[in-house]
Every structure is written in structure tokens, then in C-alpha cells.
Amino acid sequence: MRRSMPRPPRSTASGSAPCDLCAGTRAREVLHKNGYAFLECLGCGLVRADMAPEAFFALNEETFEGSLDHYAAKSYTPKKQRRYDRRLRGLERHRGEGRLCEVGANVGGFLAAARRAGWDAVGVEPVAACAAWAREHENLDVRSTTLQDAAFPEGSFDVVYSNAVLEHLTSPRAVLAEIHRVLRPGGVTLCDTVNWASQTRERLGGDWKLVDPLMHYHLFTPSTLAGLCEAVGLEALELRSHGVRLRPNAAPRLTGAARWIEALR
């Protein structure tokens, strides 16, 4: 099956906010969904939602507070905990003194696995209800704040970890700069985020639930993510994309032969 060529997005000038990577103010609309658009910077390619940062933050906080029970149930399933265990094994060679910080700890599922593996682990979580759940139900050190406001001493951690966080930030550059500051020399950060340049996005576009300006403020390609890291003094050691979704999230899930036939088309 040959993929049809998409219509080129219209170009537009946006003076509402400078690009977080290159400070450019010219962008083009690349996707429109749920009444809002994603804009791609014409200078560097970084994609952001065309929405006031304050409005986005309020919407995100409301969403996470409303889904607290869902996240609490999901984060502590055996399947999810095994996934966290695998990630921690990959970080073992960077243990150093065993100090780990999770940015956007949510209800603490990853931190619980880290504590079980012997890490001295702390988390920051700006949604107060999520942080409180982690403290009250799992006795985890999750602080109701942002990484910047936590004001950890310089060089506090061997590892800083984040999963599904960078895409929610109105200034990922500022957070990455703070990650650089709180890492010890030679420390590492592992950040898992949405890949705008992925086959899933190219195939599904707005039918992929992760591509939604009401949900995610910034979306990255490998080059824009590496550019942000380098801009704040972090060296991009490895960029890896994993997983491909073939069907929209709302579509029925195929099984057996039908799933393989679709994958081979």
C-alpha cells in the first residue's frame, strides 16, 4: 500500500511565545485537534501547543487529579513494576552512591521499585494530590513541588529519571538545565517522552492519543531533544525509539492472524 502525500501545513507567524530551543517566533501549524493546534518552529523544528502556558498547566493539573485512582492502580501492577525493574537494571552501572531523583513521580510507582532495588530515591511531583498519595500510601519521599523549586544542592544525584514528563512541560529547557545542575559530574538522566518523528505519528497523526495539544505541550524529534540537552550542557549519549502503534487508540484491538496481516501491509 502506497502512502498518499499529505497536504503541506500552512505557514503562520506566531508571536505568542518564543521557541524553547532556538527562541524563534515563526512557526507553522502542523496539526489541529480538539480546538487547538500544534505549531512547528520554522527555525529548529520543535513542536509546541498553541496555548498559553498558564492555561495548559491548569488543565493538566485538573486531568491528573481527576485520574488519581487510575494512576494509582496502574503504577503498582506486577506488569508495570517488572517494567520499572528492567529500567533500573539498565541504570545499575550508573549507581555511584545510589542517589536517584524522579521528576514527575506521580503516585510513586517507579520510586517504589527503586527503593526495593536499594536506591536512595526521592521524587518531585507538582500535582499535590499525586504526591500526597505516594507519601500516604507507600511512605515514599515525593515532594509536592517542581524540580526547580525543590532547590536540591548542586550534584545531588547519580541518576535523574523521568517518564512521560517532558511532553507536559511548558519549558523543557528550564527543567533539563536544572537536571544538569543537580546531577553529579558523570551522572546520567534517562528521559522517556513522545517521539514526534515516530512511525506511529506518521501513520496515525491525530488519531494517536498522545498527539493532543490538550494533553501535551511539547513534542520532540531526536534532533530537537538532543538540541535541548546540548543547549543546557547535557551530552546526548543515546536516543532510542521503541514501539509502533498501527491502529488508532479508539479502534478495536486485533488479535491472531488479523494483527499480523495488518502489520505486514
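How many cavities of 30 Å³ or more does the count come to? In this predicted model, residues are numbered from 1 along each chain as its sequence is written, and side-chain values use heavy atoms, with hydrogens and water left out. Local features need pLDDT of at least 70 and side-chain atom pairs count only at pLDDT 80 or more, whereas totals for chains, interfaces and linings use all residues.

Rolling a probe the size of a water molecule over the atoms shows where empty space is left. A cavity is taken here as a set of points, on a 1 Å grid over the protein atoms alone, where a 1.4 Å probe fits but cannot get out; grid points are joined across faces, edges and corners, and a volume is the space filled by probe spheres set on the points. By this rule, one cavity of 30 Å³ or more is counted. The largest cavity has a volume of about 70 Å³, and 13 residues line it (lining residues have an atom within 4 Å of a point). Of these, Cys-19, Gly-24, Ala-27, Cys-41 and Arg-48 lie nearest its centre. Strand E2 (26-33) and strand E3 (36-41) are the elements that give two or more residues to this lining, and the largest share, three residues, comes from E3; strands (E, at least two residues) and helices (H or I, at least four) are DSSP runs, numbered from the N terminus. By composition the lining divides into seven nonpolar, three polar and three charged residues, where Ala, Val, Leu, Ile, Met, Phe, Trp, Tyr, Cys and Pro count as nonpolar, Asp, Glu, Lys and Arg as charged, and the others, Gly among them, as polar.

Positive phi values in residues other than glycine were found at Asn-139, where phi is near 55°, and at Ala-151, where it is about 55°. Asn-139 is placed in the loop between helix H5 (128-138) and strand E7 (142-143), and it counts as exposed (over 50% relative accessible area) because its relative accessibility is 64%. Ala-151 lies in the loop between helix H6 (147-150) and strand E8 (157-163), and is likewise exposed, with a relative accessible area of 53%.

Glu-178, in helix H7 (residues 172-182), is 27 residues from Ala-151 in sequence and 9.1 Å from it in space, C-alpha to C-alpha. Leaving aside residues up to four places away in sequence, Glu-178 touches Leu-147 and Gln-148, contact meaning heavy atoms within 4.5 Å.

Conventions: Buried < 20%, exposed > 50% of the residue type's maximum accessible area, 1.4 Å probe, protein only. 1 Å grid on protein atoms, 1.4 Å probe; cavity = no way out; pocket = protein on both sides within 12 Å on 5 of 7 lines; lining within 4 Å.
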